[in-house]
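Biologist: Could you walk me through this model, a piece at a time?
Modeller: Gladly, here it is.

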Amino acid sequence: MLSMRNPILRSITALLPLAVAFAASAQTASPANASASDDLVVSAARLFDARSGKLIDRPQVLIRDGRIVEVGRVGDAVPEGIKRLDLAGMTLLPGLIDMHTHLDSDPSYGGYTGLQFNDRFWSVLAVKHAQQTLDAGFTTVRNVGADAWNDVGLRQAIDEGQLRGPRIVTAAYSFGATGGHCDSTFFPPSMNQKSPYNADSPEQARQRVRELRKYGAQVIKICATGGVFSRNTEPGQQQMSFEDMKAVADEAHQWGLRVAAHAHGASGIRDAIRAGVDTIEHASLIDDEGIRLAKQHGAWLSMDIYNTDYTQAEGKKNGVLEDNLRKDREVADIQRENFRRAHAAGVKMVYGTDAGVYPHGQNGRQFAVMTRYGMSAAQAIQAATANAAEALGRKDVGIVEKGRWGDLIAVAGDPTQDVALLASVPVVIKGGEVVKDVR
């Protein structure tokens, strides 16, 4: 389910630097890494070990220059005069990771309602969305599709300390076949609207990978099948050939990039896995063969099984067209049951929400739905921590251990018994800086 806005508002002429859109916010924002050089020791009642899924009692975490340098127990010696944060009675966890977001999309504007705004409107909204995401406890996200390089500029501004937000792994433009889900499909021929990155052959697919990487893509996102929030496509339709997808995967892997494929339909899922795609997004209509192939090839599934609750309740009011809501209804329960089947079969799973289809900052609401459809609370948390870090190929996030970024969250109580605690996170630490504390 690509963003409600992106399929109908993809601009092919937006060339203004994203920094212009961020300037006003940057003047008042607190630098995200202002305190990164300060040492901090964090203690709590419990720590979630993302590798084992178990809790460790009375943890003490020492962070220096933004990185974890020691994970011990309360009472261990620490440098004199160090700043302390005692989270008595709380559970520490690694900063959470959402593997499927669209930070420059806002579900308040569905269908054609977004056309009333300038292209840079979405660039500015992305700043707020990044802050909401970080405050929700998600210290890392993978943004799998944005317009006008919005996510790349946003990442750069956050990394420079000009804005508050999560660490962002950027895909820039997602792409696929002409007329497919990643194309602009809502307008008549007279408007000549199309994605600048359509790929209709293996040669074009390779070129798109190179172009996107050149300008800031850190992951490649393709649309293998039709989608829910595009026009004139059906979720089950395969829209990229095996040969096209293999060219994308081979080229991306040559450059050291991983590939995510929007794929609702069973045949598109199977061909994407065979082609070497690393993560399958949505996977709504996956069949037994797709499940077998995912296990065989080690592909990860990122299944957004919460957002239909929002889209069915609010979509019509937001302007979403009935045909899109119809497709949303048709795949919702099937996707959730297939989530259950894939998990029970032992397929590797990561946490991806499609934030932007529903409001940013509500990312943590999906945990409870994952447990409703077969996961234990610990497994759902691992999907958003250790599993996500592995799927990203990152060894600096996702686990509380020496050498990784000092990205931590804390909740009252035990989230392995009540995972709904993660829907509202009171304490967030990014790179050793306490960016939120509302205990």
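What follows is a short talk about a strand, a helix and a disulfide.

Modeller: A word on the ground rules: this is a predicted model, where local features need pLDDT of at least 70, side-chain atom pairs count only at pLDDT 80 or more, and totals for chains, interfaces and linings use all residues. Residues are numbered from 1 along each chain as its sequence is written, and side-chain values use heavy atoms, with hydrogens and water left out.

Biologist: Which strand pairs with strand 1 in the parallel sense?
Modeller: Strands (E, at least two residues) and helices (H or I, at least four) are DSSP runs, numbered from the N terminus. Two strands pair if DSSP finds at least two bridges between them. Strand 1 covers residues 40-49, and valine 41 stands opposite arginine 84. Seven bridges make the parallel pairing, and the partner is strand 5 (residues 83-94).

Biologist: Which residue in the turn between strand 1 and strand 2 has a positive phi?
Modeller: Strand 2 (residues 54-57) runs antiparallel to strand 1, with four bridges, and lysine 54 is the bridge partner of aspartate 49. The two strands form a hairpin with four residues between them, and the residue with a phi of about 80 degrees is glycine 53.

Biologist: Which cysteine is joined to cysteine 182?
Modeller: A disulfide is counted for a pair of cysteine sulfur atoms within 2.5 Å, and the count comes to one. Its S to S distance is 2.0 Å, and the partner of cysteine 182 is cysteine 223.

Biologist: How many residues apart are the two cysteines?
Modeller: Cysteine 182 is in the loop between strand 9 and helix 5, while cysteine 223 is in strand 10. The pair links distant parts of the chain, and the separation is 41 residues.

Conventions: Buried < 20%, exposed > 50% of the residue type's maximum accessible area, 1.4 Å probe, protein only.
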